[in-house]
Amino acid sequence: MCRFVIYKGTAPVQLSHLLTRPCHSIINQAFDSRLRLDHRRPINGDGFGVGWYDSVYDEELGSQPCIFTSVTPAWNNVNLVRLAEKIKSPLVFAHVRATTAGTLSLDNCHPWSYGKLMFMHNGGIADFHKIKRKLTMAVPDELFNMVNGNTDSQWAFALLLSKLPDPQARSFTPAMLQKAMMETIAHINRLLEEHDITEPSLMNFCVTDGETVVATRYITSRTEEAASLWFSSGSTFSEYAPGGHYKMSKTDKRENIIMVASEPLTFEKGAHSLWFVEANFLTNRVQHTADWMEIRTNHMVVITPKMNLLQIPIVDKFYVPQSDPAAPSRGTDFAAAKGFLSQRRDIARPLESIENHL
């Protein structure tokens, strides 16, 4: 039952406003989840990591992200609190871990980086040990040697890097990262099929180059929901009442902040602007609804450098279009049993209602 949060903003955010101060921050979610509950591992105490990019480019420091990881529980790490109060960044990845694969070690703590790129994963590839050898054979030597851990997640990152024309490039277009992500999922699916692995795999992957963010909510099933994934956007994210009560405020149509998270950081009301890519049409809608909106299963979210948020379907044999009568009836039992989704069906699902009007 890992979980993560992504922040991208036009202005840098103090890390404490994401990690430690909100009463439902990702650190507090690690031991006090509201929407996910894993009875096997009710606490995310198997380490954590936070990665960020500099607010201003410095030639001596370079453009690569900085990452801080620890195998101690996130809520009991004084160094994290100290750093969070003194660091600001316009793009942040944070992850808390409840191990399902791999040992408890710094090498296995998300996120990971390679050059400008940073990656993290929430979920698990089913029977990964059966496909690991073939997957690693698809990774070239220079990327093979960068894997120090033994998780399915870090190998998925290496595979994604192998899908890029030059993983050490100084810049990447959104289309490049989107294509690499699609090819990574397709490659893993081929290996799963070759080995007759039928248990669903949960692949909520995230990658960024510091300018573009690509995240997926994906499962290898036509009947089950993927691990939960939400987004919120607005002009400011700030504390409105003592005790760590935060909200996303929207003062105009501009998106100054976009956050993506396994579980919402707030439970307020708000308005959001979302671009849908369906049938090759790009449509924008502003929806006044829950402060956080649920991303559809088997879709990819792309946050562009200009702060547009696109939701793109991952069309393969597991994709069920919203027009299909079976789309609303995906079950929650599989992901819920693994602690990646709430079984509650009363959680707002505004994205479907928007699509019905496109």
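## Close-up views of the helix packing

**Figure 1. Helix α4 crosses helix α7 in a right-handed sense.** The near helix of a right-handed crossing is turned clockwise from the far one by less than a right angle, and a left-handed crossing has it turned anticlockwise. The model shown here is predicted: local features need pLDDT of at least 70, side-chain atom pairs count only at pLDDT 80 or more, and totals for chains, interfaces and linings use all residues. Residues are numbered from 1 along each chain as its sequence is written, and side-chain values use heavy atoms, leaving out hydrogens and water. Helices (DSSP H or I, at least four residues) and strands (E, at least two) are numbered from the N terminus. The axes of α4 and α7 (residues 174–194) come within 10 Å and cross at roughly 130°; axes are lines fitted to C-alpha atoms, for helices over the stretch in contact, with angles from 0 to 180 degrees between N-to-C directions. The two helices are therefore oblique to each other, given that angles under 35 degrees count as roughly parallel, over 145 as roughly antiparallel, 65 to 115 as roughly perpendicular and the rest as oblique. On the α4 side, Ile 131, Lys 134 and Leu 135 make the contact, meeting Ile 188, Leu 191, Leu 192 and Glu 194 of α7. By class, this contact has 5 nonpolar, no polar and 2 charged residues. Contact means heavy atoms within 4.5 Å. Ala, Val, Leu, Ile, Met, Phe, Trp, Tyr, Cys and Pro count as nonpolar, Asp, Glu, Lys and Arg as charged, and the others, Gly among them, as polar.

**Figure 2. Helix α4 (residues 128–137) also meets helix α6 (residues 152–162), their axes coming within 11 Å.** What angle do α4 and α6 make where they cross? Roughly 25°, so α4 and α6 are roughly parallel to each other. This crossing is left-handed. Phe 128, Lys 132, Leu 135 and Thr 136 of α4 touch Asp 152, Trp 155 and Leu 159 of α6. Sorted by class, these residues are 4 nonpolar, 1 polar and 2 charged.

**Figure 3. Helices α6 and α7 pack with their axes 9 Å apart.** Their angle is about 125°, and the pair is therefore oblique. Here α6 passes α7 in a right-handed crossing. From α6 come Ala 156, Leu 159 and Leu 160, and from α7 come Ala 180, Met 181, Thr 184, His 187 and Ile 188. This contact has 6 nonpolar, 2 polar and no charged residues.

**Figure 4. Helix α6 is mostly covered, with 10 of its 11 residues buried.** Buried means under 20% relative accessible area, exposed over 50%, and partly exposed in between (1.4 Å probe, protein chains only). Among the buried residues of α6 are Trp 155, Phe 157 and Leu 161. The partners of these buried residues include β5 (112–114), β6 (117–124), α5 (141–144) and β7 (202–208). Over the chain of 358 residues, 57% count as buried.

**Figure 5. Leu 80 sits in helix α3 (residues 78–84).** Is Leu 80 buried or exposed? Its relative accessible area is 3%, so Leu 80 is buried. Between Leu 80 and Gly 49, 31 residues apart in sequence, the C-alpha to C-alpha distance is 9.4 Å.

**Figure 6. Two cysteines, Cys 66 and Cys 206.** Cys 66 has 37% relative accessibility and so counts as partly exposed, whereas Cys 206 is buried at 0%. A disulfide is a pair of cysteine sulfur atoms within 2.5 Å, and by this rule the count is 0 disulfides.
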